[in-house]
Amino acid sequence: MKNSTIIWLVLLVVGGGYLMFRTGSGSMGRAYVRHETFDAKASFEEQIQKLDNEEQKDIADGKKLPEAKSAARERLEARLPDLEGITWTKVKSAERGELTTDAGQPDPAVVFSWSRTIGLWIAALGTFAIMSFLWGDNVFYKLAEAVVVGASAAYAMVVGFWTGIIQNLFGKLIPSVMRDTVLPGLPSSQHTEWIYIIPLVLSVLMLWRLAPVGGWISRWPLAFFIGATAGIRLVAYLDADFVQQIANTIMPLIVFDNKQGLLIGKSIGNIVIVIGVLTCLIYFFFSFEHTGAVGSAARVGIFFLMITFGAGFGFTVMGRIALISDRFNFLFYDWLWLPLPGIDA
Amino acid sequence: MSDFFRNLDRRWIFLVMGLSVAIPMLMGVVFPEEPSQEVLDVFNAVEDLEDGSNILMAYDYDPASKGELEPMAAAFVRHCAEKTHKLYFITLWPAAIPMLQKNIEILNREYPEYTYGEHYVNLGFRPGNEGVIKVVVTDLKKLYGNDVAGTDLNELPMTANLKNIQGMDLIVNVSAGTPGTKEWVQYAGTPFDIKMVAGVTGVGYTPLVPYVPAQLTGVLGAIKAAAEYEEAVLQNYPELRKNPATQEGLRRMGPQLVAHMLIITLIIIGNIIFFMDRKRGVA
């Protein structure tokens with residue numbers, strides 16, 4: 001067996017043993033939740049009381065309660081009789097420090113959560129599975145990768161369906177049906193907007209691609225989407241990234257201030273920006289051969305580009321280290337329950 | 001010695017890199033931060049607004065980039081809450097909904113006086129990428145009839161009379177990519193002259209710098225700027241220091257420094273070996 005293999009094996013055994021010890025002693029990998037019970041009637045009465053207080057204050061100040069608030073108060077009061085006996089419980093994550101009260105006694109509102117504990121362990125083991133790719137491609141990495149891709153796609157699809165199809169499309173086309181079924185909060189002022197028939201038809205035509213015949217029909221909505229998107233983006237780019245960027249580059253090369261006189265730093269900064277923009281543009285100008293003055297300017301442009309790429313690379317490294325810090329933070333403090341070092345300590 | 005580095009298994013480098021991040025984190029190594037001018041520009045954009053101003057909190061990031069962006073997103077929320085600004089949370093990313101909720105939990109936990117519908121509202125997500133910005137900048141309720149919980153926006157005091165996001169005093173965008181800061185600048189900030197600041201990932205920072213300061217008042221780049229922003233907030237609101245959660249970005253800068261030193265050392269060693277080999281005619 002190679003030396004490096006032995007060392008890695010030892011690391012794994014020690015790490016695994018430590019995990020087993022901490023798990024066995026019950027001091028890690030547990031998730032707790034706080035249960036908060038709400039009474040609908042009390043909540044509404046509290047809101048009405050708040051509006052009344054504001055009204056009293058406004059009257060004292062010689063003002064009148066805004067119409068929107070008066071209407072809101074009336075709506076709340078009208079719904080009061082239907083709220084008798086309606087309660088609900090809100091479940092929130094509880095931190096480690098919330099397990100006991102200020103008096104040191106266990107907080108009865110904070111309870112152990114099996115579902116969140118399982119989630120915590122899946123997250124921790126998933127982190128290890130993804131990190132195992134550093135050792136080499138393996139089945140655990142493949143499994144975790146597939147779970148991430150599948151869960152992300154499913155999540156995006158469900159959210160997209162709910163917000164796009166249900167709320168935006170059917171909410172506009174058949175608002176009364178939606179209000180009576182899945183969208184009770186849909187504004188009563190919302191009436192059928194027939195214009196939304198067009199996106200519905202285009203969507204159906206787009207899905208026609210899946211039909212055994214006439215798949216070409218899906219090219220029509222696709223052409224519409226591409227054309228519309230290109231048009232919208234062109235205008236935005238022309239304004240924000242072309243005209244405005246040219247305007248931003250027109251700047252004084254020598255900067256004076258009435259109080260401080262010549263601002264050397266600012267002046268050098270502006271000169272560097274202008275030279276950088278011009279030389280980089282020359283580098284990408286291929287109508288002339290890059291020789292003589294054009295070649296020299298293009299060479300300066302390359303330096304500017306290299307510095308930009310270097311800055312980008314440096315920021316990328318910082319970003320990647322921040323991501324691993326976040327994962328370690330999760331493993332150490334959320335999962336392993338290690339003591340959190342105080343910053344001002 | 002050079003043969004040792006030449007034949008070094010890359011997994012040893014991964015292990016050393018892991019330790020260079022883990023050890024400072026476990027030891028709680030924190031280095032002092034001083035806010036740069038660019039960070040102060042962002043800070044002042046929030047600070048100089050009148051108390052109770054309207055701020056659109058456009059948070060476009062998902063769990064994959066939360067390590068980089070969560071500290072600055074939380075710092076923005078705390079700073080705005082200290083100023084009693086009214087916050088309108090919105091996202092163009094479907095996976096950002098839990099991220100919005102996490103930031104709203106900060107308000108619920110640390111600022112109990114903040115009431116839903118009066119001081120903050122969660123508009124949630126709508127599909128359509130930059131198309132959403134294009135619509136809400138002229139007619140918010142065309143796309144957002146309800147908030148994230150399905151409540152009619154006309155029933156919430158802070159949105160009842162809100163026509164579009166041109167009524168915002170500031171857009172705060174925390175972005176991990178597309179759609180994100182670039183789209184908010186292109187479709188809202190620049191054409192409608194709405195003041196805007198942003199916080200972005202390291203990868204996304206350099207392409208946004210040309211927008212500063214004319215089209216973007218300031219931009220925070222990655223965890224370093226997040227730590228500086230936290231420091232700026234803490235210097236102005238020292239009572240927040242009692243809460244360790246306000247110093248997440250600062251706490252992450254210890255591992256950053258050690259890991260960066262390691263990378264610089266490895267790059268220098270790699271270059272020395274390269275030039276040695278070239279001199280010997282091996283490379």
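Student: How many helices and strands does the secondary structure of chain B come to?

Tutor: The secondary structure of chain B comes to 12 helices and six strands, where helices (H or I, at least four residues) and strands (E, at least two) are DSSP runs numbered from the N terminus. This is a predicted model, in which local features need pLDDT of at least 70 and side-chain atom pairs count only at pLDDT 80 or more, while totals for chains, interfaces and linings use all residues. Residues are numbered from 1 along each chain as its sequence is written, and chains are lettered from A and ligands numbered from 1 in the order in which they are written.

Student: Which order do the six strands of chain B take in the sheet?

Tutor: Two strands pair if DSSP finds at least two bridges between them. In chain B the six strands form an open sheet with parallel pairing, in the order β3-β2-β1-β4-β5-β6. Because β3 (120–125) and β6 (218–221) of chain B stand at the edges with a single partner strand each, one side of each is left without a neighbour in the sheet. From one strand to the next, the twist averages 15°, with axes being lines fitted to C-alpha atoms, for helices over the stretch in contact, and angles running from 0 to 180 degrees between N-to-C directions.

Student: How many bridges join β4 to β5 in chain B, and which helices pack on the sheet?

Tutor: Strand β4 (residues 170–175) and strand β5 (residues 196–200) of chain B run parallel and are joined by five bridges; B:Val172, for instance, has B:Val197 in β5(B) as its bridge partner. For packing, residues are in contact if their C-beta atoms, placed from the backbone, lie within 7 Å. Helix α3 (residues 37–47) of chain B packs on the sheet and touches β4, β5 and β6 of chain B, its direction making about 120° with that of β6(B). Helix α9 (residues 181–192) of chain B also packs on the sheet, where it touches β1 (54–60), β4 and β5 of chain B, and its direction makes about 155° with that of β4(B).

Student: Is B:Glu33 buried or exposed?

Tutor: A residue is buried if 20 or more other C-beta atoms, placed from the backbone, lie within 10 Å of its own, exposed if 12 or fewer, and partly exposed in between. B:Glu33 has 21 C-beta neighbours inside 10 Å and therefore counts as buried, and its place is in the loop between α2 (10–27) and α3 of chain B. Leaving aside neighbours within four places in sequence, the contacts of B:Glu33 are B:Ala227, B:Glu228, B:Glu231, B:Leu250 and B:Met253. B:Ala227 lies 194 residues from B:Glu33 in sequence, yet their C-alpha atoms are 7.1 Å apart.

Student: How many residues of chain A are in contact with chain B, and what does α10(A) give?

Tutor: In this model, 54 residues of chain A are in contact with 58 residues of chain B. On the side of chain A that touches chain B, α10(A) gives the most, with 18 residues.

Student: How do α10(A) and α12(B) cross, and at what angle?

Tutor: Angles under 35 degrees count as roughly parallel, over 145 as roughly antiparallel, 65 to 115 as roughly perpendicular and the rest as oblique. The axes of helix α10 (residues 292–335) of chain A and helix α12 (residues 248–280) of chain B come within 10 Å and cross at roughly 130°, and the two helices are therefore oblique to each other.

Notes: Two residues are in contact if their C-beta atoms, placed from the backbone, lie within 7 Å.
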